[in-house]
Amino acid sequence: MITKYGAPSESLSQQDVDIPIPKDDEVLIKTKAASFNPIDYKILRGDLKMVMKLKFPSPIGFDVSGEVVEMGKDTDAFEKGEAVYSRISKMGAVAEYVTAKAENVAKKPSNINHRQAAGIPLAGLTAYQVLFDVAQLQHGEYVFIPAGSGGVGSLAIQLARRAGAYVATTTSSVNVDWVKTLGPNQVIDYTRDEYTILLKDYDVVFDTLGREHTMEAFKILKDGGRLVTIAGEIDNHTAKELGLNQIIRWFLSFKARKITRKARSKNIMYRYKLMAPNGDQLTEITRLVEEGHVSPVVDSVFPFDKAHEALQRLTEGRAKGKIIVSMEE
Ligand SMILES: NC(=O)c1ccc[n+]([C@@H]2O[C@H](COP(=O)([O-])OP(=O)(O)OC[C@H]3O[C@@H](n4cnc5c(N)ncnc54)[C@H](OP(=O)(O)O)[C@@H]3O)[C@@H](O)[C@H]2O)c1
């Protein structure tokens with residue numbers, strides 16, 4: 001549970017709470033493993049206070065893999081004992097039991113264990129939605145996915161390759177060899193080479209880094225290309241879609257003005273994507289994992305009572321794939 005805003009070591013504590021009761025459209029999952037995502041430490045730090053104020057103590061975590069132990073009365077898609085995973089819609093995955101809306105749950109891929117599966121939902125759905133829903137990536141197109149060693153990047157590379165795209169990525173020297181095993185066409189060591197010099201006329205950039213990196217992406221995009229960010233500024237189109245009020249929208253479009261101006265001048269579609277839970281798309285990812293087209297990458301596994309250390313490692317920004325909290329230790 002999050003007890004206050006701050007660093008993982010001082011703001012997370014183990015607490016006993018009642019086992020949640022599933023609503024009619026929910027399932028109750030006994031957690032085998034959960035995973036952390038950068039959103040968890042951003043919430044913990046208080047970065048999202050303006051849009052999401054926490055009431056302490058608050059549960060934490062969005063990704064779970066486990067077994068169904070109970071179903072709500074309107075839920076017949078799953079059976080007791082079935083192995084499932086989910087990007088749940090309300091925080092609380094790092095717990096022994098968690099409820100999830102059945103529509104956000106999918107069967108766990110049968111060829112991987114719960115620890116591997118727990119790292120997939122949020123990162124995998126993000127990659128899927130950016131590449132296919134927003135960027136509409138096509139077979140034969142060129143896509144640049146920076147940070148191929150990250151939780152999102154490692155899955156995005158594999159999804160894009162499976163879709164028949166040419167994929168270039170960046171990572172630091174220590175990660176180059178294993179990132180190559182994910183199947184990208186080109187891996188650039190960003191500590192040695194400048195990707196903006198090596199790549200040009202790309203159809204799509206999937207910006208996983210934000211800040212100055214978003215602006216840099218324009219250098220390699222072709223006229224009419226698409227730039228989709230998950231870590232940069234929110235564009236007006238997306239702000240409207242998210243139902244944000246006019247004052248916040250005005251503030252956001254002011255922050256994004258340089259990028260939107262640049263995008264217009266280069267005839268480039270610029271979008272921020274906020275991922276959403278989706279059981280159908282997660283089921284599609286299950287199929288891709290079972291067919292061997294996508295494999296999760298696990299950076300490290302921490303036992304439940306060391307969850308704060310797991311989140312601390314993620315905060316440092318050097319994870320190679322996903323950081324998992326295991327309930328089975
Ligand atoms: N909008 C959304 O819905 C959404 C969804 C998911 C994630 N996100 C955001 O997307 C970002 C990425 O998420 P994630 O889970 O992939 O993070 P992550 O797993 O923590 O990313 C860590 C990786 O980033 C790499 N990296 C750091 N700086 C780099 C650079 N300059 N160039 C290339 N690689 C670099 C690191 O590799 P090296 O150690 O080799 O540098 C490391 O492997 C986060 O900001 C997260 O909040 C947003």
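In the predicted model, the shell around the ligand draws at least two residues from each of α2, α4 (121-134), α5 (151-162) and β7 (166-171), where helices (H or I, at least four residues) and strands (E, at least two) are DSSP runs numbered from the N terminus. The model is a prediction, in which local features require pLDDT of at least 70 and side-chain atom pairs count only at pLDDT 80 or more, whereas totals for chains, interfaces and linings use all residues. Residues are numbered from 1 along each chain as its sequence is written, and side-chain values use heavy atoms, with hydrogens and water left out.

Of the 27 residues around the ligand, those that come nearest are Lys42, Ser172, Tyr190, Arg318 and Ala319, a residue being near a molecule or strand if one of its heavy atoms lies within 4 Å of it. By class, the shell consists of 13 nonpolar, eleven polar and three charged residues; here Ala, Val, Leu, Ile, Met, Phe, Trp, Tyr, Cys and Pro count as nonpolar, Asp, Glu, Lys and Arg as charged, and the others, Gly among them, as polar. Polar contacts are pairs of N or O atoms within 3.5 Å; within protein, one must be able to donate a hydrogen and the other to accept it, and residues adjacent in sequence count only if both atoms are side-chain atoms. A polar side-chain atom of Tyr190 is placed 2.4 Å from an oxygen atom of the ligand, a polar backbone atom of Gly151 lies 2.8 Å from a ligand oxygen atom, and an N or O atom in the side chain of Thr171 is 3.3 Å from an oxygen atom of the ligand. The protein covers 87% of the 930 Å² of accessible area that the ligand has on its own, with areas computed by the Shrake-Rupley method with a 1.4 Å probe and, for residues, with only the protein chains shown counted as cover.

Helix α13 (residues 307-315) has Ala307, Ala310, Leu311 and Leu314 as its buried residues, buried meaning under 20% relative accessible area, exposed over 50%, and partly exposed in between (1.4 Å probe, protein chains only). These residues lie on the same side of α13 because they cover an arc of only 95° around the axis, the arc being that of the directions from the helix axis to the C-beta atoms. Their cover includes α1 (8-11), β1 (26-36), α2 (38-45), β12 (298-303) and β13 (322-326). Just after α13, Gly317 adopts a positive phi of about 80°.

Most residues other than glycine have a negative phi, and most peptide bonds are trans. Asp201, in the loop between α7 (195-198) and β9 (202-207), has a positive phi of about 60° although it is not a glycine. Arg211, in the loop between β9 and α8 (212-216), likewise has a positive phi, near 45°, and is exposed, with a relative accessible area of 61%. The peptide bond from Phe56 to Pro57 is cis, with omega near -10°, and Pro57 belongs to the loop between α2 and β2 (63-71).

Lys222, in strand β10 (residues 221-229), is partly exposed at 33% relative accessibility. Leaving aside neighbours within four places in sequence, Lys222 is in contact (heavy atoms within 4.5 Å) with Asp201, Tyr202, Asp203 and Ile268.
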